Structures are given as C-alpha cells and as structure tokens.
Amino acid sequence: MKKSALQAARAAYQPKLPKALKGSLTVKEGAATQSVADQEAIKELFPNTYGMPVLTFEPCSEKASYPAINVGVILSGGQAPGGHNVIAGLFDGIKAMNADCKLYGFLLGPGGLIDHKYMELTADIIDEYRNTGGFDIIGSGRTKLETVEQFDKGLQILNQLGIKALVIIGGDDSNTNACVLAEYYKQKNTGIQVIGCPKTIDGDLKNEMIETSFGFDTACKVYSEVIGNIQRDCNSAKKYWHFIKLMGRSASHIALECALQTQPNICIISEEVEAKGQTLNDIVDYIAGIVAARAADGNNFGTVLIPEGLIEFIPAMKKLIAELNDFLAANGDEFAKVPQNEQISFIASKLSKENAAIYTSLPEGVARQLSLDRDPHGNVQVSLIETEKLLSEMVGRRLAEMKKEGKYVGKFSPQHHFFGYEGRCAAPSNFDADYCYSLGYNAAMLIGSGKTGYMSSIRNTTAPADEWVAGGIPVTMMMNMERRHGEMKPVIQKALVKLDGAPFKHFAAQREEWAKNTCYVYPGPIQYFGPSSVCDQPTETLKLEHL
C-alpha cells in the first residue's frame, strides 16, 4: 500500500508514556466510590462492580511476573483520532507483561463479538497502523450490548479463544455497555475482565479523573484550521457571513474550543441557551443584532459557530423533542405506515397542545427532520437537522424587517458549512498520539492488576507526558439513570459545558470584543514535527481548566 511522506514519517514516531508505565509498577487504591447520582439504583444494578476505589499506578523497583493471557479489543461507536494508538499501546503493554500474550480484534464493533467475527492482531499488523487516524484496523460499529443473549454469545467466543480480558474503546454509551458486561461476567464468575477507554471527539466523556476523551484534541485542531482558513477568506472578500455547524450533539465543547482557538464573531453555546431559557427567536435576534452592528461599521462579513445539538437545548424545543422521542419509540410502526404528506399533521395530532403548536410553526423541512429515523439510543438525529441554514434563513428575515425599520443598512450574504466527519479520522496530534498510546498501555496494566469494570485513566495531561498520572476509575462512579427509549436506564452522565468553568468564563469575557471587531486567529494545520510549543500543546480548554 502506497504511503504519503507524512505517513511514512509518522510511522517512526514513538509516543511518550507516563513515568509509572515505563517499568514495574505498584497499585495504590483510593477510598470507596459512589455514582454521580441515583446511588441506590446504580448500586442495585451493579452489586459486583459498585463502590470500587480509584486506582493510581506508581513506579516500583520490584519486577512482577505475569501469566500469558489472551486479550480482546473492540472499537465501538463513531471514529475518533488516536484509536489505533490505543490498540498499539494495549498490544505493547500486554507483550511487555508476557511476550506470549495474544491480542484479538473483534470486527466492526460490538457486533463482531456477538457474531464471532475477529482477527488476531500481530506485530506486523499493529506496526502498519501506529500513529494513524481512523478505526480501519478492525472497523467500528454501534451495536449495543444490552441483552443476556448477547452477553452469552460473546462469552462463547471469548472462551473459545481463551480470552480473559476485553477492552472496549468507546464513548459514554459504549463504556456503559462495558460496565454492564463487566457486571454480568463477574456475577457469572466467568473470570473475564472488562476495561473501558474514553473515546469521543465530542469531549463530553470527562470528569475529575478523565480529564479529556481521546480524539477531542485532534478533531478541534482540524476544525479550527478550516475555520481559520474560512475566516481568512471572510476577511479578504469582506462580503459573506459564514454559518458553521460543528459536531457535538449533546454538549458544546467542540464549538467552545474552536472559538477559543479562532476567535469568531459569534459562537452559540447550547448550555447557555438552556440556562437562560432562550427561544429560537432570542438566538436569531442576538445574531441579527451583531450582523447589524458590524454592518454599521462597514463590515458585512463574519463567522458564526453553532453546536450540532443546539436545537435540543432550546427549552421549548427540548420538551417537543422529548415527547417526539417517546411517541416514536412507542408508535414507530404506526408512524411508518402514514403517507409522507400526512406525517406532520399526524404527529401534531398526537402531541400535547403546547408541543403541537411549536411543531407546526417550524419550517416544514425542520419539522420533517425532527421526525426522521432515530439513532440506536432512540434519540432524534440532530446532525440531520440543518441548524446552520435554519438560523441564517431566520436571521435574513429578521434583518429584512430591521432594514424596513431603518435599523440595518448592510448586505447579508450567508454561506453554510458543517464540519463533522472531516475531523473524526485525522492523523492524531502528538497529544492524542501520546494520550491514546498511554490509555492503551495503561489498560494492559489494569488487566495485569486483575481489575474489571474500570476505565483507563491518564491525568495531569497539561504537564509533559512523563509527569502524567496513570490509573483507573470505576465506570459505576460516572453513572446515573436517564430516560432511553421511554425507559429509565443506567448510563454514564454526559459532561456538558460548565458555565461557571474557566473555559466558558474566558470566552464570555472576550466575545463582545470578538463580535464588534475582527479578531480572527488562524491556527493553521496540526504540526507533528518541531518545537514542543507548536507540536505538543493540549487544547485551550484543558489549559484553562488546569490553570
């Protein structure tokens, strides 16, 4: 297979590791833990894996011996830069424990475990994928592991291959599955360990012990490069307003991080919209006001960053979507038989009066997008809703009204963009290459320490990699109960943007200046070679959170 010059050079990069993972280590246990919410319900559901301590690995001089074991690995959910390095770190970690250890990859996500589709990952295969983007080494998938039949089918192939530990690399839902699986296998006394690794470009799988999910750093740098390029063009042509939707359905971490890196004129933060109880019209008025103010200064151009999940955070829309999700979960078959030209009126007739009024007031395209097929978790697929076009269209109408009122004197020419898939499989930044390799190697050490129901944790990530802190966090510690498919289910609590956190406060303090003036920053492409100040920097979010 032909490789680009960058691919060939990156293959030689040796990721950095925390000091504790460079030789023999000992395990330091913290106090017993509890879930972030719904403690009694979570404890009842996870009696065998609840309350375990946080673990920290520390260097020691005494060399340990490990038996040869077989390990399985699954890539679950959407892609994120660095997944291949997690697998490479896991491979190197188990081989460091015992050269006779074997690693098996299950193909196309959790479905590979259930359908018994796998391949052994040998050194020559692993070496082809070091420091590369994508999940193509074994593929990924979104099959949910949630039934006893699935667990038992997985157990068959794990026993057949002599696999004693399974590492699931995924986001909050995938790691919730990992936790359920760990509990089941421990309850059945199968002797199989299950370890999770925190993946998602959305950045919403984090807490005090999981400082960031892998892929967030690289994806934000990719998007920020392109936003910077657009802003350069914007400032050159001086005649377009660019509405840029960014991936991140449940939280605005990507939009906020990209705003901190590029200083756009406007960035909407979904969590703030919800906290302030803003309506769609409030957001439109806010954007139109800034467009008019810049036009008054002769600047008929600008950039607007919009988080993918914005529509769900507008309180009135959130209520509507919640009722829609429940209705379609229970009546999907009936809805599928309704002719397309009658679907909107059919749904409106089944909604509460308040939600029906909002639903029928929406542009037909948006109303239809809200009733499209659900994702595997029963939620509306917000990435299909063209929020950037909805907002620019409504802003255009508002500006036309303002022009008639003599409150706007400019020209409004919108352009639309959605950045999502472009960032999910990029070659990982040095930060993600190092972080992911450490997560994988650390997962091997958790396996060697006999742990199950833990997530691999690498902390102190704003320091040089040598000073990073390795260990594990019980997955149950991150869980709460949420409504899914109309039922209450245990899931990892998503980490939303904290309005009292340092990253948002820094943004809020600057945004008026960015709105009025042209303060664009142009980050340029990810740099892999050169001074550490250019190549190894973490995200602005991490820096601000750890000041």
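Modeller: Let's go with the open sheet of nine strands, which has mixed pairing and the order β1-β2-β13-β12-β7-β6-β3-β4-β5. Before we dig in, this is a predicted model, where local features need pLDDT of at least 70, side-chain atom pairs count only at pLDDT 80 or more, and totals for chains, interfaces and linings use all residues. Residues are numbered from 1 along each chain as its sequence is written, and side-chain values use heavy atoms, leaving out hydrogens and water.

Strands (E, at least two residues) and helices (H or I, at least four) are DSSP runs, numbered from the N terminus. Two strands pair if DSSP finds at least two bridges between them. At the edges of our sheet stand β1 (25-29) and β5 (118-120), each with a single partner strand, so one side of each has no neighbour in the sheet. From one strand to the next, the twist averages 30°.

Now zoom in on β6 (residues 163-170). Seven of its eight residues are buried, so to speak mostly covered; buried means under 20% relative accessible area, exposed means over 50%, and partly exposed is in between (1.4 Å probe, protein chains only). Strand β3 (residues 70-75) runs parallel to β6, and six bridges join them. Isoleucine 74 stands opposite isoleucine 168 in β6. β6 also pairs with β7 in the parallel sense, over six bridges, and there valine 167 stands opposite isoleucine 195 in β7.

What about α3 itself? Of its 15 residues, 13 are buried. The expected span of a helix is 1.5 Å times one less than its number of residues. For the 15 residues of α3 (residues 83-97) that should give 21 Å, and the end C-alpha atoms are 21 Å apart, which agrees.

Two loops around here are worth a look. Leucine 108 sits in the loop between β4 (102-106) and α4 (110-114). Leucine 108 has a positive phi of about 60°, although it is not a glycine, and it is exposed, at 57% relative accessible area. Asparagine 189, in the loop between α7 (172-187) and β7 (193-198), isn't a glycine either and has a positive phi of about 55°. Asparagine 189 counts as exposed, at 69% relative accessibility.

Next, the rings. Tyr104, Phe106 and Tyr118 form one aromatic cluster. Rings of Phe, Tyr and Trp (its six-membered ring) pair if their centres lie within 6.5 Å; planes under 30 degrees apart count as stacked, over 60 as edge-to-face, and the rest as tilted. The whole structure holds 13 aromatic pairs. In one of them, tyrosine 184 and tyrosine 185 have ring centres 6.0 Å apart and planes at 55°, so that pair is tilted. Both tyrosine 184 and tyrosine 185 are buried.

For contrast in location, there's another sheet: four strands, open, parallel, in the order β9-β10-β8-β11. Its edge strands are β9 (266-267) and β11 (414-419), each pairing on one side only. Strand β8 (residues 241-246) pairs with β11 in the parallel sense over six bridges, and tryptophan 241 has proline 414 of β11 as its bridge partner. Helix α9 (residues 253-262) packs on that sheet, touching β8, β9 and β10 (302-307), with its direction at about 155° to that of β10.

A charge sits over a ring if NZ of Lys or CZ of Arg is within 6 Å of the ring centre and within 35 degrees of the ring normal. Arginine 10 has its charged end over the ring of tyrosine 13, 4.5 Å from the centre.

Note on methods. Contact means heavy atoms within 4.5 Å. Axes are lines fitted to C-alpha atoms, for helices over the stretch in contact, and angles run from 0 to 180 degrees between N-to-C directions.
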